[in-house]
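Please read the following report with the sequence and the model open beside it. It goes from single residues to the two chains as a pair.

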Amino acid sequence: MKTYLPLVVVLALASAYGFWWKLSRGAIRTNKSVPGHRLSPAVLGQDLGSRATMVQFSSAFCAPCRATHALLSQMVESLPDVRHIHIDAESHLELVRELDIRSTPTTIFLNRDGIEVGRAAGTPKREQVITALNAIA
Amino acid sequence: MSEVLDKPEVARIYIDARGPRFGAVITTTVLAVALVTQNKWILLAQGLVFAIGALRGPQFTPYGLIFKNFIKPRLSQPGPTEDVRPPKFAQTVGLAFAAVGIISAFTGADLVFTVAVGFALGAAFLNAAFNYCLGCEMYLLLVRLTSK
């Protein structure tokens, strides 16, 4: 008994989702933030940057987390007023739930007060990070 | 706090990142045939491949060995390496879907078989076509759902 219908349905749905996934990874969204949440050095375990902070959540089963870490830590070397804080999502589940982080890597952009101004799921491009950081006064 | 990536005893095995991608292409083909022919034996064979990948690592599966012995020697560029844990996690997810499909096929639940193979095929296809990272999208959600 041969049937091609399930195959066609699976490939169509997976392709649609795959294109959406590919396009949305790395994009820095400013509208999906959890409103009113303020992250402090006490919660993060490290001081905030004097202008901006990028808080990256990673997990062990995530290959792009490594690329994101390399990009962001390299970028902050030339930005003295921006800090990159790296957090293991699995061992900070309470924070992960509060901030509604669903996938890794997720990078949260904070202003000087620790208020979230944007977030990116997946590895952002260098230009996207520069644009997001420039928008934080 | 970068120990999740950098601690040597945590991330100690690195493999050619093109290996699991090649395996995903074969897996997609095998699961597509299993879905079209509704053949439980093909799914069983793929399930065994997933089991090796989940327990030992994708580099030890038949697909991984084909890549290592026949494909890699013909590639001129050295490929990027990656931590073995993300593809190993993906193999575990594949094993779970295959197990559900095999059990349903042998108990006569044809619809469940089709849905389970469909999900496994969807994941393998996303990996092959889009370099989809199953561990990135699923692992944290699983942990959030299963722990307090």
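A:Asp100 is placed in the loop between α4 and β4 of chain A, where helices (H or I, at least four residues) and strands (E, at least two) are DSSP runs, numbered from the N terminus. Its phi is near 55°, a positive value in a residue other than glycine. At 26% relative accessibility, A:Asp100 counts as partly exposed, on a scale in which buried means under 20% relative accessible area, exposed over 50%, and partly exposed in between (1.4 Å probe, protein chains only). This is a predicted model, in which local features need pLDDT of at least 70 and side-chain atom pairs count only at pLDDT 80 or more, whereas totals for chains, interfaces and linings use all residues. Residues are numbered from 1 along each chain as its sequence is written, chains are lettered from A and ligands numbered from 1 in the order in which they are written, and side-chain values use heavy atoms, with hydrogens and water left out.

The loop between α4 (93-98) and β4 (106-111) of chain A also holds A:Pro105, and a cis peptide bond with omega of about -10° joins A:Thr104 to A:Pro105. In chain B, the residue B:Gln38 has a phi near 55°, again a positive value in a residue other than glycine, and B:Gln38 lies in the loop between α2 (18-37) and α3 (40-55) of that chain. As background, most residues other than glycine have a negative phi, and most peptide bonds are trans.

How many disulfides are there over all chains? The count comes to two, with a disulfide taken as a pair of cysteine sulfur atoms within 2.5 Å. The table sets them side by side.

| Disulfide | S to S distance | Torsion about the S-S bond |
|---|---|---|
| A:Cys62 and A:Cys65 | 2.1 Å | about 95° |
| B:Cys133 and B:Cys136 | 2.1 Å | 75° |

Because the torsion about the S-S bond of A:Cys62 and A:Cys65 is about 95°, this disulfide is right-handed, and the link of B:Cys133 and B:Cys136 is right-handed as well. A:Cys62 counts as buried because its relative accessibility is 4%, and A:Cys65 is buried with a relative accessible area of 0%. In chain B, both B:Cys133 and B:Cys136 are buried.

Where does A:Thr30 lie? Its place is in the loop between β1 (28-29) and α2 (41-44) of chain A, and with a relative accessible area of 58% it is exposed. Leaving aside residues up to four places away in sequence, A:Thr30 touches A:Val117 and A:Gly118, contact meaning heavy atoms within 4.5 Å. The C-alpha atoms of A:Thr30 and A:Glu116 are separated by 8.7 Å, although these two residues are 86 residues apart along the chain.

A:Leu5 belongs to helix α1 (residues 5-24) of chain A, and it counts as exposed because its relative accessibility is 61%.

Chain A has five helices and five strands, and from the N terminus on, its elements run α-β-α-β-α-β-α-β-β-α. Its C-alpha atoms fill a box of roughly 65 × 30 × 25 Å, taken along the principal axes, and of its 137 residues, 49% count as buried. Among contacts in chain A between residues at least 6 apart in sequence, 74% join residues at least 24 apart. Chain A exposes about 6800 Å², of which carbon and sulfur atoms supply 59%; accessible areas come from the Shrake-Rupley method with a 1.4 Å probe, and for residues only the protein chains shown count as cover.

Between the chains, 37 residues of chain B are in contact with 42 residues of chain A. Chain B and chain A bury about 3600 Å² between them, with 68% of it on carbon and sulfur atoms, where buried area is the accessible area (1.4 Å probe) that two parts lose on being put together, summed over both. Three salt bridges are counted between chain B and chain A, each defined as a side-chain nitrogen of Lys or Arg within 4 Å of a carboxyl oxygen of Asp or Glu. The side chains of A:Arg25 and B:Glu137 meet in a salt bridge, at 3.3 Å from N to O.
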